[in-house]
Amino acid sequence: MAQSIDVLELTRELIRLDTVNPPGGEERCAFFIAPILEDAGFDIRFHELAPGRSSLVAKLHGKTGREPICFSGHMDTVPLGAVAWRRDPYGGEIDRGRIYGRGASDMKSGIAAIVAAAVNASRHRERSGELLLIFTAGEESGCLGAAGLANLPDPLPPAGLMIVAEPTSNSPVIGHKGALWLSATTRGVTAHGSMPEKGVNAIYKAAQAVLKLQSYDFGLPPHPVLGSPTLNVGTIAGGMNINSVPDHARMGIDLRTIPGLEHDALIESLGRFLGPEVELERTIDAHWLYTDPEDPRVGDVFSIAAAVTGEDFTPRSVPYFTDGPALKALLGDPATLILGPGDPAAAHQTDEFCFVEKLEQATSIYEQIIRKWWENR
Ligand SMILES: [Zn+2]
């Protein structure tokens, strides 16, 4: 029988493994976790995204046939940033109820809590349905590891419930907007800057497109939980030198989407709206996520989180996007919630930290969610 895991110590160990993306190096984390789960009876598969960068899929077989419950987290972290840290970003230092380091909130604390809860749960004889754990590489660069799991030799089984352990301070979250990032290119004909009439100016075309985009209407009412979709032109570049007519300009468009907007159809609609002078190409495509709060699979998670934290939660969304939608598509569309110990305000920050209390709570919440899932077989 597997030893129980000290979740705080495990979080510190994971923070000490540098998995800053780029370059990633997520295998350090995957290879550290794998033997712990193997000891608890899990089958382990690695899926290589690139050399040194593997996602990990761990399965604990159930004794009866209930559909699996799944937990997921990403192993990569964002870089340290330009500002000097006061704490060692790879130290896992603990001070006054907080654990510090890159990934402390986003999301090595979440991964450690999943592993600790899964090892505890593995001791239960009455387990029904598989317990599936998915730890991905490459999330911070557009959910690449999660998308790569579509190419597994043995496909993922359809699951009933998935918890994504991104930072929410243990409050269950039912969705987030999608992110669709487009590169928009206009083309022209170059000429000497003293004779612009001999050329076609790509920057003028881009400027017209930008002004048009300012009044783009998604034609959709705001979503009751996720709010309205948005569009922002974040970058624009064009031209080689001041005394030539530019034959090339490019804009970066950041769209945030809600249920009712499918990304392929949205690109088509924008293409028609902007006309043939603007070429659109997607650079990031992360779908929105939404689970109906009335879904019976959701109610238990809310009650367990409320009982453990002593807080009362109402259905809400988060501003960031996650691996959730990419994994949900591979898992037969399970009810999906985001719930993790990290502090959303500390994620990606200098001197990132997680409250030790939240880490311990998350471990207990996850273990109870698993047991409840098995009881309801
Ligand atoms: Zn994250």
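Helices here are DSSP runs of H or I with at least four residues, strands are E runs of at least two, and both are numbered from the N terminus. Residue numbers start from 1 along each chain as its sequence is written. Please keep in mind that this is a predicted model, in which local features need pLDDT of at least 70, side-chain atom pairs count only at pLDDT 80 or more, and totals for chains, interfaces and linings use all residues.

| Element | Residues |
|---|---|
| α9 | 356-375 |

Let us look at α9. The axes of α1 (residues 7-16) and α9 come within 10 Å and cross at roughly 110°; axes are lines fitted to C-alpha atoms over the stretch in contact, with angles from 0 to 180 degrees between N-to-C directions. The two helices are therefore roughly perpendicular to each other, a label for angles of 65 to 115 degrees. On the α1 side, V7, L8 and T11 make the contact, and on the α9 side V356, L359, E360 and T363 do; two residues are in contact if their C-beta atoms, placed from the backbone, lie within 7 Å. By class, this contact has four nonpolar, two polar and one charged residues.

Is S4 buried or exposed? S4 has 11 C-beta neighbours inside 10 Å, so it counts as exposed, the cut-off being 12 or fewer. Leaving aside neighbours within four places in sequence, S4 is in contact with V119 and N120.

Now for the whole chain. It has nine helices and 16 strands. Its radius of gyration, taken over C-alpha atoms, is 23 Å, close to the 21 Å of the globule rule (2.2 Å times the number of residues to the power 0.38) for 377 residues, so the chain is as compact as a globular protein of that length. Buried residues make up 45% of the 377 residues.

Definitions and conventions
Buried ≥ 20, exposed ≤ 12 C-beta atoms within 10 Å, placed from the backbone. Parallel < 35°, antiparallel > 145°, perpendicular 65-115°, else oblique. Nonpolar A, V, L, I, M, F, W, Y, C, P; charged D, E, K, R; others polar.
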